[in-house]
Amino acid sequence: MGLRVLVLCADIGEGHVTVAQALTASLRDHERVDAVELRTDLTVMGARMGRFMDNGFRTHIDGSGWSYDLAYRVFFEPELPRRAGQLALALLGGRGLRRTIADFKADVVVAEYPVLSAALGELRALGRLPVPVCSSISDPAGLYYWAHPGVDMHLLSWPQSLAEADRIAGPGKSTVVRPAIDARYMEPLDRASARAELGLPMDVPVVVVSGGGWGMGDLAGAAEVASDLLTDGLVVALAGRSEDAHTALSARFAQDRGVRVLGFTRQMPELLMAADALIHTTGGTTALEAQVVGCPLINFGSSVAHVRAHARALAELGMARWAPDRQALEPALRATLAAGRRQPMVVDGLPRAADVVVGVAGR
């Protein structure tokens, strides 16, 4: 009999789902796996709890962001409130999680969302969950809730995350894996071929501006700064799935031939391979994809909560520049373009996340 693997995620931000889908596909192809189920809804914690968590997060993000930042400072960073929050997640969502796992008859569970990782890790630590748990971590920093001592194995997409994961969960419970992203990011495609495929000019600078799947942040400000600097270049502004952002960007740059506005696109691998720089407002999976292909990254905006932690960590490691405001963005972009594209992240030799998950289940 092969293994049954349950992958849990939350449809909050495009990046989490993207990673969960890639991991699910890899598990389905594994010879030792018979069945895989992907759930992208927080109702796996129980209908009432799931709705509360989902609505609460969207309310934070749709507002000014100050309430989300406050919650992060109170319940993520200080140890005692964080431990209380993790215990509350296990107590309030534990029954729904155990029922979901039992209904699928899972041999191992993989969580690709920090709230789920914390709840499952706490259940394991309390001895209330006999099924091993893996936490798939696609963020580079700010790993509280992602990492938990009760989780059996943490699957790190960023090598730079290992020290923080070990500090939070203890040594020997984390491993760096081949990033679970679209396989096209791993395929060789040179800059000229990518531009030809996208219909982009060959001999001018191209800068991509992105706010993630939800089109968040000051996209218009970033595009304006980039357009003013690139008098003979092209700015590709991505509105994601946000109709409001797409409408606003299209109206603002209707007369600017140096700015091309797009909605959600399946051609991000080609765009990041073609671009000379990426200006990003949310961090997360898009930042990881940029690192994999060697596209220089600028984190833009004062940011909140975990996004701020990402921007600070990557800037301190010299892996990206951080421009908190428009005034800082122009010199950051100028320096990034002068430095040229980066070396792609080395992924050869890293274990596949699916193989690690199967190994954990076998133990």
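The entries below follow the order in which I looked things up.

**Basis.** I worked from a predicted model, in which local features need pLDDT of at least 70, side-chain atom pairs count only at pLDDT 80 or more, and totals for chains, interfaces and linings use all residues. Residues are numbered from 1 along each chain as its sequence is written, and side-chain values use heavy atoms, with hydrogens and water left out.

**Entry 1: the sheet.** I looked up the strand order and found an open sheet of six strands, β2-β1-β3-β4-β5-β6, with parallel pairing. Strands are DSSP runs of E of at least two residues, helices are runs of H or I of at least four, and both are numbered from the N terminus. Two strands count as paired if DSSP finds at least two bridges between them. At the edges I noted β2 (33–39) and β6 (174–176), each of which pairs on one side only. From one strand to the next, the twist averages 20°; axes are lines fitted to C-alpha atoms, and angles run from 0 to 180 degrees between N-to-C directions.

**Entry 2: strand β4.** I then turned to β4 (residues 133–137), where five of five residues are buried, that is, under 20% relative accessible area with a 1.4 Å probe and protein chains only (exposed is over 50%, partly exposed in between). Val133, Ser135 and Ile137 cover one side, and Cys134 and Ser136 the other. In a regular strand the side chains alternate between the two faces of the sheet.

**Entry 3: neighbours of β4.** I recorded three bridges between β4 and β3 (residues 108–111), in the parallel sense. Val110 has Cys134 as its bridge partner, and Ala111 has Ser135. Ser135 also stands opposite His154 in β5; β5 (residues 153–156) runs parallel to β4 and is joined to it by four bridges.

**Entry 4: a surface patch.** Which residues make the nonpolar surface patch of about 360 Å²? I listed Leu87, Leu91, Leu92 and Leu126. Patch residues have over 30% relative accessible area and no salt bridge; nonpolar side chains (Val, Leu, Ile, Met, Phe, Trp, Tyr) are joined within 5 Å, like charges within 9 Å. A salt bridge is a side-chain nitrogen of Lys or Arg within 4 Å of a carboxyl oxygen of Asp or Glu. Areas come from the Shrake-Rupley method with a 1.4 Å probe, and for residues only the protein chains shown count as cover. Leu126 lies in the loop between α5 and β4 and is partly exposed because its relative accessibility is 40%.
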